[in-house]
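Try each task before reading its solution.

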Amino acid sequence: MNNQIIYIAGGIFLLNGVLKKYAKDYIKDFLKSRAEDQDQQLDLLVDLLITCFVTILSCSYYILTQSNREVPQQQQPQPKIDESKILESIMKKRRSITPKDYNDQLIDDQDIHHILECANTAPTHGKNEPWRFIVYKRENLNAFFTFVKDWYKQNSQKAFNSDEEREKAIKQIDNKFQEISKASHIILLCMKRYANEKSVMPEWEEIAAVASSVQNIYLQTAAKGFGGYWSSMTFARHARDSKEMRQFLNLDHDEDRVFGSFVIGKVDDLSKFTRIPGDYKKKVEFR
Ligand SMILES: Cc1cc2nc3c(=O)[nH]c(=O)nc-3n(C[C@H](O)[C@H](O)[C@H](O)COP(=O)(O)O)c2cc1C
């Protein structure tokens, strides 16, 4: 902007000099030829000067406004993100990591919400979305453990054939719960068998949909650098599959199911857990 003003002023100054040096006599002759007396010549000169002034003003205005116009920024070429490679790397990073490898830190509830929001995008026949998740934060886990232990106290005849078997199982449950207490959250993995009564699918399809949602949980957990694993809770399977458990979790249909839990916690370094799966080519046939 400042440069433009200097150029315009310089231009006027130069024009003035040139006019004085070379055009003075020409202007005089021009005025004489067009006007009869000095008064008329003066009028004509003033007209000429005003015309020149207005022209210079217009040109200056044009130059100044043009120079102020925003020059569109050149678009930086965005590096192309290879989503397929990113997904592959998360899939390969995904591992089942049990509480013995968690540190004591807690995961933000917001992260758990995000993980479950992603779980909710799983494929589901008929858009039935049969998955249901009940989340226990570490501070509240005891309520769940107490329910399970009480269940075994009240139903030991149903579950076990002998006192010895019962003692062994209760001990195992205690040990497991102690281990799981290191988790930041546990997410109970449930299925509503008739989530959409207008579109009833075979049971296996609804189980598969829930399993797909659990895979999403696994992947987002890995992407966030947390550790987690699907625990079938086989050690407490009698309680897990009981009517009382369904009632406790507000699952109102007898065919609703609990598929254990996703146990989750923070780890210091997820990258140290690796597993090389068997050769996929041996499991694939192209026809
Ligand atoms: C349906 C299902 C149930 C599982 N239940 C358990 C379990 O009860 N305890 C356990 O330690 N791991 C369980 N896992 C995790 C597997 O043990 C784990 O996927 C397997 O060891 C392969 O390891 P990776 O997941 O790290 O690749 C389960 C996995 C699936 C798919």
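The exercises below go from the whole chain down to single residues.

Two ground rules come first. Residues are numbered from 1 along each chain as its sequence is written. This is a predicted model, so local features need pLDDT of at least 70 and side-chain atom pairs count only at pLDDT 80 or more, while totals for chains, interfaces and linings use all residues.

**Exercise 1. The overall layout**

Task: work out how many helices and strands there are, and in which order the elements run.

Solution. Start with the tally: the chain has 9 helices and 4 strands. Helices here are DSSP runs of H or I with at least four residues, strands are runs of E with at least two, and both are numbered from the N terminus. Next, read off the order from the N terminus, which is α-α-α-α-β-α-α-β-α-β-α-α-β. Then check the spread: the radius of gyration is 41 Å, well over the 19 Å from the globule rule for 287 residues, so the chain is more spread out than a compact globule. (That radius is taken over C-alpha atoms, and the rule is 2.2 Å times the number of residues to the power 0.38.) Along the principal axes, the C-alpha trace spans about 135 × 50 × 45 Å.

Now for burial: 19% of the 287 residues count as buried. Buried takes 20 or more other C-beta atoms within 10 Å of the residue's own, exposed takes 12 or fewer, partly exposed is in between, and C-beta atoms are placed from the backbone. Finally, of the contacts between residues at least 6 apart in sequence, 83% join residues at least 24 apart. A contact means C-beta atoms, placed from the backbone, within 7 Å.

**Exercise 2. Two helix pairs**

Task: describe how α5 packs on α6, and how α3 crosses α7.

Solution. You need two numbers per pair, as two packed helices are described by the angle between their axes and the distance between the axes. Axes are lines fitted to C-alpha atoms, for helices over the stretch in contact, with angles from 0 to 180 degrees between N-to-C directions. Under 35 degrees is roughly parallel, over 145 roughly antiparallel, 65 to 115 roughly perpendicular, and the rest oblique.

- Step one: α5 (residues 141-159) and α6 (residues 163-180) pack at about 175°, with axes 11 Å apart, and are therefore roughly antiparallel.
- Step two: α5 brings Phe-145, Val-148, Lys-149, Tyr-152 and Ser-156, and α6 brings Arg-166, Ile-170, Ile-173 and Phe-177. By class, that contact has 6 nonpolar, 1 polar and 2 charged residues. (Ala, Val, Leu, Ile, Met, Phe, Trp, Tyr, Cys and Pro are nonpolar, Asp, Glu, Lys and Arg charged, and the others, Gly among them, polar.)
- Step three: the axes of α3 (residues 83-93) and α7 come within 8 Å and cross at roughly 95°, so these two helices are roughly perpendicular.
- Step four: Ile-90, Met-91 and Lys-93 of α3 meet Leu-219, Ala-222 and Ala-223 of α7. That splits into 5 nonpolar, no polar and 1 charged.

**Exercise 3. The ligand shell**

Task: list the residues around the ligand and sort them by class.

Solution. You get Arg-95, Ser-96, Thr-98, Tyr-229, Trp-230, Ser-231, Ser-232, Thr-234 and Arg-275. Sorted, the shell holds 2 nonpolar, 5 polar and 2 charged residues.

**Exercise 4. Loop residues**

Task: where does Met-201 lie, and what does Met-201 touch? Then look at phi for Lys-127 and Asn-250.

Solution. Met-201 lies in the loop between β2 (185-191) and α7 (203-223). With 19 C-beta neighbours inside 10 Å, Met-201 counts as partly exposed. Leaving out residues up to four places away in sequence, Met-201 touches His-125, Gly-126, Asn-128 and Glu-206.

Lys-127 sits in the loop between α4 (109-119) and β1 (131-137), and its phi is near 55°, positive in a residue other than glycine. Lys-127 is exposed, with 10 other C-beta atoms within 10 Å. Asn-250, in the loop between α9 (243-248) and β4 (257-266), has a positive phi of about 60° although it is not a glycine.

Key. Contact = placed C-beta atoms within 7 Å. Near = placed C-beta within 6 Å.
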